[in-house]
Amino acid sequence: METENSASGTRRRGGRGARERILRAAAKLFYEEGIHATGVARLVETAEVSTRTFYQHFPTKTALVEEYLRDYETGLAQRIEQHLTREGLTPKDQLLALFTMVADAAQGSAGTVSTRGCPLHNAAVEAAGSMPDVRELVQHNKQGIARQLTEIAARAGAAAPEQLGRHLVVLLEGATALSTSLDSPQPRHDALEAARVLVDLALPETRPAD
């Protein structure tokens, strides 16, 4: 494997896999420490690449931020699809599936609790006014989830599916943001209970057949 020496004398791995290592480093550092707080020097050190190799793959740090968010969005869409297409789920169940997913996600690995919130939301806050492409990417994602919930609400028979979709997104986003602010997973679990009430009120009452 090709290796390079950094200015500090630290050995850096180049060649195959460098791009993936940079993206893994970005996913960890941007989420845990913040986008603005994470400089290129920190990224190349964690990814074990040289600065030259970094810029061969990503011409700017903003380009890396955009790729990191696109990767996260792709993975999120896959997780949402898995939750929504589980066997036996009714449209009503599907409306609550995202809230269950978010509540479960508060429990991190090895029993730790993750309250850092949604990477896309975090990026939107940090990108305000400075990274318009990032802002547009985040808006597109959030609008897409609202449309998805609206379509499910229509299949579930809601009288005002668009309104229910918007209300559910506000509840979902608010729960993850409050969970971060309070450093507690409780708002995510509260949101699941509140979503159940909201969905029950919005959907027509079903009565057992005679």
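Figure 1. The expected span of a helix is 1.5 Å times one less than its number of residues. Helices (H or I, at least four residues) are DSSP runs, numbered from the N terminus. This is a predicted model, in which local features need pLDDT of at least 70 and side-chain atom pairs count only at pLDDT 80 or more, while totals for chains, interfaces and linings use all residues. Residues are numbered from 1 along each chain as its sequence is written, and side-chain values use heavy atoms, with hydrogens and water left out. Helix 1 has 16 residues. From first C-alpha to last, helix 1 reaches 21 Å, close to the 22 Å expected at 1.5 Å a residue. Its buried residues include Arg21, Leu29, Phe30 and Tyr31. Buried means under 20% relative accessible area, exposed over 50%, and partly exposed in between (1.4 Å probe, protein chains only). Glycine 34 follows helix 1 and has a positive phi, near 105°.

**Figure 2. The largest nonpolar core.** A nonpolar core is a set of buried Ala, Val, Leu, Ile, Met, Phe, Trp, Tyr and Cys residues joined through side-chain atoms within 4.5 Å. The largest one here has 55 residues. Among those with the most contacts inside it are Phe30, Phe54 and Val134. Elements that give two or more residues to this core include helix 1 (18-33), helix 4 (61-84) and helix 7 (132-156). Helix 7 gives the largest share, nine residues. Which residues does valine 134 touch, leaving aside its neighbours within four places in sequence? Valine 134 is in contact (heavy atoms within 4.5 Å) with Val65, Glu66, Leu69, Ala123 and Ala127.

**Figure 3. An aromatic cluster.** Phe54, Tyr55 and Phe58 form one aromatic cluster. Rings of Phe, Tyr and Trp (its six-membered ring) pair if their centres lie within 6.5 Å; planes under 30 degrees apart count as stacked, over 60 as edge-to-face and the rest as tilted. The structure holds three aromatic pairs. The rings of phenylalanine 54 and tyrosine 55 have centres 5.1 Å apart and planes at 85°, so this pair is edge-to-face. The rings of phenylalanine 54 and phenylalanine 58 have centres 6.1 Å apart and planes at 45°, so this pair is tilted. Phenylalanine 54 is buried at 0% relative accessible area. Tyrosine 55 is partly exposed at 39%.

**Figure 4. Two loop residues with positive phi.** Glutamate 48 lies in the loop between helix 2 and helix 3 (51-57). Its phi is positive, about 60°, although glutamate 48 is not a glycine. Aspartate 183 sits in the loop between helix 8 and helix 9. Its phi is also positive, about 55°. Is aspartate 183 buried or exposed? Aspartate 183 is exposed, with a relative accessible area of 59%.
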